[in-house]
Amino acid sequence: MMEEDEDENAEEAEQFDEDGNPVENDDEMMELHDDSVQGFFAHKEPVYDVALHPVHQNIAVSGGGDDKSYLWRLYDGEQLYEFGGHTDSVTQVAFSVDGTYVASGSMDGKVRVWKSETGEFVCELEGPDEVVWINWHPKGNIILAGATDSSVWMWAVPSGSFMNVFNGHSGPVTSGMFTPDGKRIVTVSEDASLIVWDPKTAAAVHRITSDDARFHSDVITCLAINKDSSLAMTGSADGTAKLVNLHSGTILGSFENHTDAIETVGFSDHLNLAATGSLDGRLNIWDVQTMQLRTSCEHKGPIIRLNWHKTQPLVTTCSADRSVQVWDGRTGQNVKIWLGHQDAVLCFAMTDDGLTCVTGSDDGCALVFRMVDN
C-alpha cells in the first residue's frame, strides 16, 4: 500500500517546464493532497526559515516575509510568542546550542535575540546591511551573521557586545558557519571565494578564490562542513561542488554531474557520503573518499534545501515542486513523500529522531509532517 501511496503523491508533485516555471495541471482544481498533521498559519507571507529547539523538540521557531518570527508548538500549532522589531523580512532563525536563546536575522540589517523560555527580549545586534544568514557557536552564546555588504559580524550574547568583524570577501556572503569544533569560521561568497577565519583575531587562515582554475567560476551558493571539522563542501551556480581540506586549505576535488546551479550541500555524519541538490531537480549522493557519484534521485522541480538525518543513512529534501521527500542515501530509494503546501517549500527542520519534519513555504504556512503512518 505504501508504495502505491508514494506513487500517487509523486504524481501530485508540481510539474515544471524547461525554464523552471510551474506547469498548470488539469487536476489543479482537485482537492490538494495534505499529509501534514499540524500547521502554523500566522505569517501570511513566505516562511523563509524554520528551526527546532535543540532540547525541547516540540518547540519550533519560524521567520518570514511578514518581518516577524514566532515561537510555536508542533503538536497543537499553538503560538507561544510573537517576536517583532524588524522592519524587513526575517531571512533566518536559530536557537543557541542549548536552546536558551533564539535569534532572528533580517534584511533590515539587524539580529534580534530573545529568551526562548519566557519570550523576553535580550538584545539587538547591529552592524551589517542586509543579513543573509546567522549561526550560533556550537559551544557557547556567540552569534555570527553574514551580510550582503561582504562582511561577517560576531557578537556575544546576552550582552550584545561586538566581538569581531571579518572583512575579506568582495561580494555578498551567501553562507557561513563555525566549524563543529568551534575553532574556525568558514564563509563563502558571491565573489566565488571561500575563506577560513580565526575567530579570535579575524585573520584569514586560508583563502581560495576563482583565481585557482580548479575552484568555482561563479557565485558560491551554499556550504557544508563535516562533523570532525576537517572538510568543507561548497556548491555553486557553476553547477559543481568542491571538496576542500580545511586544515591545509587545499582543493581535494570536484563533484560534477548537475546541469544547473547547486543550491544545497551536506555531509552524512556517519557514512562517508555527501549530497548535492540542484535547480535541475536532482539530488546526487557522492562517495567522499572516491569522489564518485553513488546514486541520483529526482524531484519534479528545483531542490532548495537538503539535510542528512543525524543517525540514519537518510537525506531529506524540499523543493519548488511543493513536496518534501526522504531518500535512502545508500540506494537512492524514496522512503517518504510529504505533500500539503500550495507553493515552493523553502525550508525545513527535522527532529533528531527523524520522525517529525517542520516546513516553511512560499504559501505563508509552516506545516508539521510525521514519518509514522497514521
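**Exercise 1. A pair of strands and its sheet**

Which residue is the bridge partner of threonine 317 in S30?

*Solution.* Keep in mind that the model is predicted.

Step 1. Begin with the pair: threonine 317 has glutamine 325 as its bridge partner in S30.

Step 2. Next, take the strands. S29 covers residues 314-319 and S30 covers residues 324-328, and they pair in the antiparallel sense over five bridges.

Step 3. Now widen the view. The open sheet holds four strands in the order S28-S29-S30-S31, with antiparallel pairing. At its edges are strand S28 (303-308) and strand S31 (334-338), each of which pairs on one side only. From one strand to the next, the twist averages 15°.

**Exercise 2. A covered strand and its two partners**

Describe how S5 is covered, and then find the strands it pairs with.

*Solution.* 

Step 1. Strand S5 spans residues 59-64, and six of its six residues are buried.

Step 2. Sort the side chains by direction. Ile59, Val61 and Gly63 point one way, while Ala60, Ser62 and Gly64 point the other way; all are buried.

Step 3. Look at the pairing with S4. Strand S4 (residues 47-52) pairs with S5 in the antiparallel sense over five bridges, and a hairpin with six residues joins S4 to S5. Within this pairing, leucine 52 has alanine 60 in S5 as its bridge partner.

Step 4. Turn to S6. S5 also pairs in the antiparallel sense with strand S6 (residues 69-73), over five bridges. Here glycine 63 stands opposite serine 69. The hairpin of S5 and S6 has four residues between the strands, and its aspartate 67 takes a positive phi near 70°.

**Exercise 3. A loop aspartate**

Is aspartate 108 buried or exposed?

*Solution.* 

Step 1. Locate the residue: aspartate 108 is in the loop between S9 and S10.

Step 2. Apply the cut-off. Buried means under 20% relative accessible area; aspartate 108 has 17%, so it is buried.

Step 3. List its contacts. Not counting residues up to four places away in sequence, aspartate 108 touches Gly85, His86, Thr87, Asp88 and Asp129.

**Exercise 4. The whole protein**

Check whether the radius of gyration agrees with that of a compact globule, and then summarise the overall fold.

*Solution.* 

Step 1. For 374 residues, a compact globule would have a radius of gyration near 21 Å; the protein has 20 Å, which agrees.

Step 2. The C-alpha atoms fill a box of roughly 60 × 50 × 35 Å along the principal axes.

Step 3. Count the elements: there are one helix and 34 strands.

Step 4. Finish with burial and surface. Buried residues make up 57% of the 374, and the accessible surface comes to about 15,500 Å², 45% of which belongs to carbon and sulfur atoms.

Technical notes:
Residues numbered from 1 in each chain as written. Predicted model: local features only at pLDDT ≥ 70, side-chain atom pairs only at ≥ 80, totals over all residues. Heavy atoms only, no water. Pairing = 2+ DSSP bridges. Helix = DSSP H or I, 4+ residues; strand = E, 2+ residues; numbered from the N terminus. Axes fitted to C-alpha atoms, helices over the stretch in contact; angles between N-to-C directions. Rg over C-alpha atoms; globule rule 2.2 N^0.38 Å. Buried < 20%, exposed > 50% of the residue type's maximum accessible area, 1.4 Å probe, protein only. Areas by Shrake-Rupley, 256 points an atom, 1.4 Å probe, with all protein chains shown as cover. Contact = heavy atoms within 4.5 Å.
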